[in-house]
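Welcome! Please keep the sequence and the 3D view at hand while you read.

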Amino acid sequence: MTQFCPRPGSSAFSSLSVSPVVPKISPPPVPSSPPSFGGPVTLNVGGTLYSTTLETLTRFPDSMLGAMFRAGTPISPNLNPQGGGHYFIDRDGKAFRHILNFLRLGRLDLPRGYGETALLRAEADFYQIQPLLDALRELEASRGAPVPTAALLHADVDASPRLVHFSARRGPHHYELSSVQVDTFRANIFCTDPECLGAMRARFGVASEDRAEGGPHFRLEWAPCPAGLPEVEYRRLGLQPLWTGGPGELREVVGTPGFLEEVLRVALEHGFRLDSVFPDPEDLLNSRSLRFVRH
């Protein structure tokens, strides 16, 4: 059948209503599922890149990695600036080397004198690799190290700002009233593991009885010296800073994030895992309360 097509300029053509065509722009396709078995998979673990295969990652199907990369599970990879796809995991990149070797070999093979078994145990617990946890317990038992018992660790911190007034000398006979905000931090650490509690005391330099109260907990109070407050006024107010680290590497704990970061380090070193964050689980280092458990 012949179709009638009006010529431009004809009355039939001029009576038609023509709408402008807006082109549709689609974003570049992003892979929505893991690569096929047999191909390489690139993981970015805490900034360290590892290449492996799906067969290795799913060696233990009941683990977190086995669930993440199970066939049919949609995962959107982060794309690096060069455009290559990789999967980002916000965990310790150095320790993941031994996690990956265990997945490849099916056995625990650590360097002689390896001294971070507590950290590795925490990582294995995060990835939920039960055979690796069992192997670590056997290793510690063979070394004569006591297997960690169940324990609880709780850390609370609160900040109280206040306005401090003082007289600042501006000349030989000229004094001026000035004000500055001082943030005072109060923290309470409770732990049923005496070894971990002792490590916390050592990390924050708690040695004198004016700070340490004995028992399964101790309290800390500190106030960083703000810019604009003379040192003599800082001392007159009875304020003191909080320091952490060992000899030669002392650093001041300025606020809540620095304090909670040190608590997190010690907790992981002693086999604890993070159980709850208050008030915002998405903002760990600015929270007011962290709870750790060890089973």
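Arg-265 counts as partly exposed, because its relative accessibility is 42% and the partly exposed class lies between buried (under 20% relative accessible area) and exposed (over 50%), using a 1.4 Å probe and protein chains only. This is a predicted model, in which local features need pLDDT of at least 70 and side-chain atom pairs count only at pLDDT 80 or more, while totals for chains, interfaces and linings use all residues. Residues are numbered from 1 along each chain as its sequence is written, and side-chain values use heavy atoms, with hydrogens and water left out.

**Salt bridges around Glu-262**

- Arg-265 forms a salt bridge with Glu-262, and their closest N and O atoms are 3.9 Å apart; the term stands for a side-chain nitrogen of Lys or Arg within 4 Å of a carboxyl oxygen of Asp or Glu.
- Both Glu-262 and Arg-265 belong to helix H9, where three residues, about one turn of the helix, separate them; helices (H or I, at least four residues) and strands (E, at least two) are DSSP runs, numbered from the N terminus.
- Glu-262 also has a salt bridge with Arg-203, with 2.9 Å between the closest N and O atoms.
- This pair links distant parts of the chain, 59 residues apart: Glu-262 sits in helix H9 (residues 256-269) and Arg-203 in helix H7 (residues 194-203).
- Are these two partners buried or exposed? Glu-262 is buried because its relative accessible area is 3%, and Arg-203 is buried because its value is 19%.
- A network of salt bridges links Arg-203, Arg-251, Glu-261, Glu-262, Arg-265 and Glu-269.

**Another pair, and the total**

- How many salt bridges does the structure hold? The count is 14.
- Side chains of opposite charge can pair when their charged atoms come close.
- One of the pairs joins Glu-231 and Arg-235, at 3.7 Å from N to O.
- Glu-231 and Arg-235 are about one helical turn apart, because they are four residues apart in helix H8 (residues 231-236).
- Glu-231 is partly exposed, with a relative accessible area of 43%, whereas Arg-235 counts as exposed at 53% relative accessibility.

**Nonpolar cores**

- The largest nonpolar core has 27 residues, and those with the most contacts inside it are Leu-43, Leu-65, Phe-69, Phe-96, Ile-99, Tyr-127 and Ile-129; such a core is a set of buried Ala, Val, Leu, Ile, Met, Phe, Trp, Tyr and Cys residues joined through side-chain atoms within 4.5 Å.
- The elements that give two or more residues to this core include strand E1 (40-45), strand E4 (85-89), helix H4 (93-105) and helix H5 (117-127).
- H4 provides the largest share of this core, five residues.
- A second, separate core of 26 residues includes Ala-187, Trp-222, Leu-260 and Phe-272.

**Where H4 meets H5**

- Two packed helices are described by the angle between their axes and the distance between the axes.
- The axes of H4 and H5 come within 10 Å and cross at roughly 65°; axes are lines fitted to C-alpha atoms, for helices over the stretch in contact, with angles from 0 to 180 degrees between N-to-C directions.
- The angle makes H4 roughly perpendicular to H5; that class covers 65 to 115 degrees, with angles under 35 counted as roughly parallel, over 145 as roughly antiparallel and the rest as oblique.
- In H4, the contact (heavy atoms within 4.5 Å) is made by Ala-95, Phe-96, His-98 and Ile-99, and in H5 by Leu-119, Leu-120, Glu-123, Ala-124 and Tyr-127.

- Ser-63 has its place in the loop between helix H2 (54-57) and helix H3 (64-68), and Ser-63 is buried at a relative accessible area of 4%.
- Not counting residues up to four places away in sequence, Ser-63 touches Tyr-127, Gln-128 and Ile-129.
- Asp-193 lies in the loop between strand E6 (174-191) and H7, and Asp-193 counts as buried at 11% relative accessibility.
- Leaving aside neighbours within four places in sequence, Asp-193 is in contact with Ala-151, His-270, Phe-272 and Arg-294.
- Pro-131 is found in helix H6 (residues 130-142) and is partly exposed, with a relative accessible area of 33%.
- Which residues does Pro-131 touch, not counting those up to four places away in sequence? They are Phe-60 and Phe-102.
- Pro-131 and Phe-60 are 71 residues apart along the chain, with 8.6 Å separating their C-alpha atoms.
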